[in-house]
Amino acid sequence: MSSYALGLDYGSDSVRALLVNAQTGEEVASAVVYYPRWSQGLFCAPAKDQFRQHPLDYTDSLVEAVQALWQKAPAGAAQQVVGLSFDTTGSTPIALNRDGVALSLLPEFATNPNAMFVLWKDHTAVKEAQQITAAANHAPENYLKFEGGIYSSEWYWAKALHVMRADPAVAKAAYMWVEHCDWISAVLTGTTHPDTLRMGRCATGHKLMWHASWGGYPPDAFFAGIDPLLSGLRDRLPVETFTADQLCGRLTAEWAEKLGLPVGTAVGFGAFDCHMGAVAANVKPGVLTKIMGTSTCDITVASYADIGDKSVRGICGQVDGSVMPGLVGLEAGQSAFGDLYAWFRNLVNWPTTNLLQRSSLIDEATKHQLIQEIEDHTLAALGVEAAKLAVGETGITALDWVNGRRTPDADQTVAMALTGLKMGSQAPQVFRALVEATAFGARAIIERFKEEGIAINAVVVIGGISKKSDFVMQVCADVWNCPIDVLESEQSCALGAAIFAATVGGVHANVASAQAVMASPVCKTYVPNAEAALAYEPLYAQYQQLGAYVNEGKP
């Protein structure tokens, strides 16, 4: 009989369920469900950088996605699932009460955004992040030295502090905070109570300042010195953390019935989407795995000997075992990639879609169809025209910081900028500049790794953009001046989760042996054009100069 592994991938907009034959690596079936409340824009205020998600979006969509999977999978496949594992966005924390219940699952907090998951791209905690960074820089031990030296408003402690400052009711009810990737595994194994909750190495190491050298988390005095609201919270967190190849627990009877799976199915510890996606890409030292989506996450690994006593500046952490057991995982990324393109699409489409919505000459169904068709084809059409332009022809330089800067050197206060616009600058010219900006931002990350002594010899790309746009990928290859391999799997992050599920389910002895069977092959390679790569050198210098100007112009 076949043994199946179930990988669950929680993205920004949807959850993806992927069923993989753990013995052959065949991707048997998949299903995607979009979060209903999030799709309606509930609990978010983009103008204030507030992005919140309701836990019921996660649990309801999970049930729907897994049940949809069984309609496509071979008969009886559900009973042959040996393990399931989760990856999620991050840092995406939520407050729990003393009984381990997420606050927004309680009637009194059911519609309160502050009681919900604070999505990774919520940037309301800029002030708190700056205060945490300042405190670490003045502490006898710099507790940020393994997290790039700068704490981000996208991360756990800044978000928890901001929410508690903003909402005394939430602050009073919050007993502890937990990341989405740790919460969902705990829900399915019945271990959300603070007395039984256990947490994974990935989130704690990269976002919570956990490190073995100081016995877990920074001392309570460090947090209390920032704000008394944080006092006691670190003491309620479990000190021991676990890599994703370890067993978190067993599927409860309640969740087995909801998902149509056997009671007691192995559930692994959760991790962030980009880390598990890198595992599906056969990440190894010297290879950077770049997950291209709404934002990007860049992952590589280093041996203990290679990392030595290095503290890599300006990245999102270096954590033992956060990606692959036995190696140090290093994370970086861009706060906007696909989001920058989507912003421009919405900008240029606004007059058309707005007029269509107001029109009394077209019925509602036709309006919706037309608007959807316009949105679906805008970026592809822009890419076709932008590809016809020569390198440097537009005269436009852009920054990719429309949602702040994640790395190098996290700063969510910086903004995007455009320079060189003229009367002849039409939409394709601007779009090309934006694509080049995202490629330049990625190059800055590669160069930072190299400056800090971390080898980057090759790049592997996964995510929707890598499959949708030859134009974007070729620009990246030319700007980075290196070949780019694109993975075949359409669900690389979910596949990475399935690799861990097969490991905790006992089909494979370790992650490496599971990868040998289940990791995705390469479907396409983009090779840099030598002439274009040379032409991009002065343009990259202009990007750096514009970035320096914007940084120096900050208040």
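Buried means under 20% relative accessible area, exposed means over 50%, and partly exposed covers what is in between. With that in hand, welcome to a few close-up views of this predicted model.

**View A. Asp 470 and Lys 524 join in a salt bridge.** Here the side-chain N and O atoms are 2.9 Å apart. Asp 470 belongs to helix 16 (residues 470-480), while Lys 524 belongs to strand 22 (residues 522-526), so the partners sit in distant parts of the chain, 54 residues apart. Asp 470 has 45% relative accessibility and therefore counts as partly exposed. Lys 524, at 36%, is partly exposed as well.

**View B. Asp 227 pairs with Arg 165 in a salt bridge.** The closest N and O atoms of these two residues are 2.8 Å apart. Asp 227 is found in the loop between helix 8 (220-226) and strand 10 (241-242), and Arg 165 in helix 4 (residues 156-166), so the bridge ties together parts that are 62 residues apart in sequence. Is Asp 227 buried or exposed? With 13% relative accessibility, Asp 227 counts as buried. Arg 165, by contrast, is partly exposed at 28%.

**View C. Asp 60 and Arg 37 form a salt bridge within a network.** Their side chains meet at 3.4 Å, N to O. The two residues come from distant parts of the chain, 23 residues apart: Asp 60 is in helix 2 (residues 55-70) and Arg 37 is in helix 1 (residues 36-39). Asp 60 is partly exposed, with a relative accessibility of 37%. The model's count comes to 24 salt bridges.

**View D. Tyr 151 and Trp 155 make an edge-to-face aromatic pair.** The count of aromatic pairs comes to 24. In the pair shown here, the ring centres are 5.1 Å apart and the planes stand at 90°. Tyr 151 is buried, at 2% relative accessibility, and Trp 155 is buried with a relative accessible area of 2%.

**View E. Phe 242 and Phe 269 are stacked.** The centres of these rings lie 4.7 Å apart and the planes are at 10°, so the pair counts as stacked. Phe 242 sits in strand 10 and Phe 269 in the loop between strand 12 (266-268) and strand 13 (271-272), which places the partners in distant parts of the chain, 27 residues apart. Both Phe 242 and Phe 269 are buried.

**View F. Ring pairs build a cluster.** Which residues take part? They are Tyr 143, Phe 146, Tyr 156, Trp 157, Trp 214, Phe 222 and Phe 223.

**View G. Charged ends sit over aromatic rings.** The charged end of Lys 121 is over the ring of Phe 51, 4.8 Å from the ring centre. Likewise, Arg 443 holds its charged end over the ring of Tyr 540, 4.1 Å from the centre.

**View H. The second largest pocket has a volume of about 370 Å³.** Its lining is made of 22 residues, and those nearest the centre are Trp 401, Arg 405, Pro 408, Ala 444 and Tyr 543. Helix 14 (427-451) and helix 19 (530-552) are the elements that give two or more residues to this lining. Which element gives the largest share? Helix 19 does, with six residues. By class, the lining holds seven nonpolar, eight polar and seven charged residues.

Technical notes:
Residues are numbered from 1 along each chain as its sequence is written. This is a predicted model: local features need pLDDT of at least 70, side-chain atom pairs count only at pLDDT 80 or more; totals for chains, interfaces and linings use all residues. Side-chain values use heavy atoms; hydrogens and water are left out. A salt bridge is a side-chain nitrogen of Lys or Arg within 4 Å of a carboxyl oxygen of Asp or Glu. Helices (H or I, at least four residues) and strands (E, at least two) are DSSP runs, numbered from the N terminus. Buried means under 20% relative accessible area, exposed over 50%, partly exposed in between (1.4 Å probe, protein chains only). On a 1 Å grid over the protein atoms alone, a cavity is a set of points where a 1.4 Å probe fits but cannot get out, and a pocket is an open set with protein on both sides within 12 Å along at least five of seven lines; lining residues have an atom within 4 Å of a point. Grid points are joined across faces, edges and corners, and a volume is the space filled by probe spheres set on the points. Ala, Val, Leu, Ile, Met, Phe, Trp, Tyr, Cys and Pro count as nonpolar, Asp, Glu, Lys and Arg as charged, and the others, Gly among them, as polar. Rings of Phe, Tyr and Trp (its six-membered ring) pair if their centres lie within 6.5 Å; planes under 30 degrees apart count as stacked, over 60 as edge-to-face and the rest as tilted. A charge sits over a ring if NZ of Lys or CZ of Arg is within 6 Å of the ring centre and within 35 degrees of the ring normal.
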